[in-house]
Amino acid sequence: MNDQPNRRPRTQGKSSGQGKPAGQGRPGNSGKSHKPYRRPQKDPVRFLAFEALRAVDERDAYANLVLPPLLRKAREQEGPEKFDARDAALATELVYGTLRRQGTYDAIVAACIDRPLREVDPPVLDVLNLGVHQLLGTRIPSHAAVSASVELARVVLGDGRAKFVNAVLRKVARDDLDGWLEKVAPPYDEDAEDHLAVVHSHPRWVVSALWDSLGGGRAGIEDLLEADNERPEVTLVARPGRSTADELLDSLDADSALPGRWSPYAVRLSEGGEPGSLELVREGRAGVQDEGSQLVALALANAPVDGSDAKWLDGCAGPGGKAAMLAGLAAERGAVLLAAEKQPHRARLVGQALAGNPGPYQVVAADGTRPPWRPGSFDRVLMDVPCTGLGALRRRPEARWRRRPEDLEGFAPLQRALLRTALESVRVGGVVGYATCSPHLAETRAVVDDVLKQWGAAELVDARELMPGVPALGDGPDVQLWPHLHGTDAMYLAVIRRTG
């Protein structure tokens, strides 16, 4: 159940098989007198959350892209019940909380019905899981959570399915989360990975992969999985040459903003907020960027090179956060950045991020595996390669349910090809940064080891020395950042010097 084999495949339509509560018959007309029909009342917050979950499921959308426009549209609506900041906060919690805990909630729902979970239509499951999250993951009173969920079901599913939702949620409400986990999660001593998968709502294969990469015992992996389920802080970057962290802090409320933990350009928004409303962000002088990404760019810029240091390359630059940082750092040294991105629409985003950079730069739409530039053209090269994104599950919780082990095989040839391109593109004595937002060993050390064996004339630089002040960076020479240890996404970085 933790890898979700029992979930029904995505569907655009609705079938009649919603399942029924364990030990209960299907709702029907008993012939008894009924109360007068009451038209269902649409709750804007829960309806919006349901819309977001359906978009994630049906269109393979990401919540962080779907939710903001839905919230903007809701706030623009006029009427007696104005959609305010508290409504937006609740809708956001319902969406992200339900997505993060989907595996756990599926297991609980499965225990409350008498048929396989795959026979329950996805829209029904979304309403159920929204209700389960309110019951077990928030402080909303049980009666309010059930009644609001049933009312949502009446609006989006119809009265018949609403009765099914009501029966299931009333059964869920009989116990708290800890009580349910004791019932649905296997004991740790019998199956540690399955226990962790159910308790912490990760597919089993992801638990296994993260544990292999992290190493150590139970405490470390539980801390990591718990960190994946926590709401991350919004982190801003003051783009070098355009603004400073102090300037950014001065523009924010002192009670809601903190300096970054590790990057001198980072500012953390402890109370959330809307970065797009900040003048420095609107002007492009600052942006939203995880501190792990900032550290990767800074590490490449800090790496010593032999000889010239005039030409830098970001070979997988979209959507532009690292490129904007590198461009500013390059300009301070009189160097020029070339930012390359294969997808034209993402290349345009890179151009927007770099607009206003104090020094010269160039953005091109180019395939990094078939580069238009000559070999040995650059002194520094960053390749932040496409990957499974398992390092950013805090921000994109739906990715854990969307990815499959076979995805690794699809990324592997591209990752190796891009690293080979990076080594070909840098001159002898120059440095390459190979980065991924995944801690999976198949996407990190395995790629670096394979390419270096083939290449030969290259050596690893100790990347730990390029992140001064950052603790718990491992045995080196590469670096793996972790949410539970560093408060960042799980970014990986290997720095390689070409020697021939």
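Here is a quick tour, topic by topic. Keep in mind that this is a predicted model.

- Two packed helices are described by the angle between their axes and the distance between the axes.
- For helix H4 (residues 102–111) and helix H8 (residues 177–184), the angle is about 75° and the axes are 10 Å apart.
- Angles of 65 to 115 degrees count as roughly perpendicular, so that's the label H4 and H8 get.
- On the H4 side, the residues that meet H8 are Thr104, Ala107, Ile108 and Ala111.
- H8 brings Leu177, Trp180, Leu181 and Val184 to the contact.
- Sort the residues in this contact by class and you get seven nonpolar, one polar and no charged.

**Strand E6 and its parallel partners**

- Strands of a sheet pair through backbone hydrogen bonds, either parallel or antiparallel.
- Strand E6 (residues 336–341) runs parallel to strand E5 (residues 311–314), and four bridges join them.
- If you want to find this pairing in the model, look for Lys311, which stands opposite Val336 in E6.
- Together with helix H15 (residues 321–332), E5 and E6 make a right-handed β-α-β unit.
- E6 also pairs with strand E7 (residues 361–365), again in the parallel sense, over five bridges.
- Here you can look for Leu337, whose bridge partner in E7 is Tyr361.
- To get from E6 to E7, the chain passes through helix H16 (residues 344–354), and this β-α-β crossover is right-handed.
- Five of the six residues of E6 are buried, so the strand is largely enclosed by the rest of the structure.

**An open antiparallel sheet**

- Another set of four strands forms an open sheet, with antiparallel pairing and the order E2-E3-E1-E4.
- Strand E2 (257–259) and strand E4 (286–288) are the edge strands, each pairing on one side only.
- From one strand to the next, the twist averages 30°.
- Strand E1 (residues 234–238) and strand E3 (residues 266–269) share four bridges in the antiparallel sense.
- One of the pairs to spot is Thr235 with Arg268, its bridge partner in E3.
- Helix H14 (residues 291–302) packs on this sheet and touches E1 and E3, and its direction makes about 30° with that of E1.

**Strand E12, covered on both faces**

- In a regular strand the side chains alternate between the two faces of the sheet.
- In strand E12, one side has Tyr492, Ala494, Ile496 and Arg498, the other has Leu493, Val495 and Arg497, and all are buried.
- With seven of its seven residues buried, E12 is largely enclosed by the rest of the structure.
- Strand E9 (residues 426–436) runs antiparallel to E12, joined by six bridges.
- Strand E10 (residues 458–461) is also antiparallel to E12, with four bridges.
- Val495 is the bridge partner of Gly433, and Val495 is the bridge partner of Val461 too.
- Strand E11 (residues 479–480) pairs with E12 over two bridges in the antiparallel sense, and Gln480 has Tyr492 as its bridge partner.

**A closer look at Ala494**

- Leaving aside neighbours within four places in sequence, its contacts include Val432, Tyr434, Leu460 and Asp478.
- Ala463 is 31 residues away from Ala494 in sequence, but C-alpha to C-alpha they are 6.5 Å apart.

Conventions: Residues are numbered from 1 along each chain as its sequence is written. This is a predicted model: local features need pLDDT of at least 70, side-chain atom pairs count only at pLDDT 80 or more; totals for chains, interfaces and linings use all residues. Side-chain values use heavy atoms; hydrogens and water are left out. Axes are lines fitted to C-alpha atoms, for helices over the stretch in contact, and angles run from 0 to 180 degrees between N-to-C directions. Angles under 35 degrees count as roughly parallel, over 145 as roughly antiparallel, 65 to 115 as roughly perpendicular and the rest as oblique. Contact means heavy atoms within 4.5 Å. Ala, Val, Leu, Ile, Met, Phe, Trp, Tyr, Cys and Pro count as nonpolar, Asp, Glu, Lys and Arg as charged, and the others, Gly among them, as polar. Buried means under 20% relative accessible area, exposed over 50%, partly exposed in between (1.4 Å probe, protein chains only). Two strands pair if DSSP finds at least two bridges between them. A crossover is right-handed if, with the strands pointing away from the viewer, the path from the first strand over the helix to the second runs clockwise.
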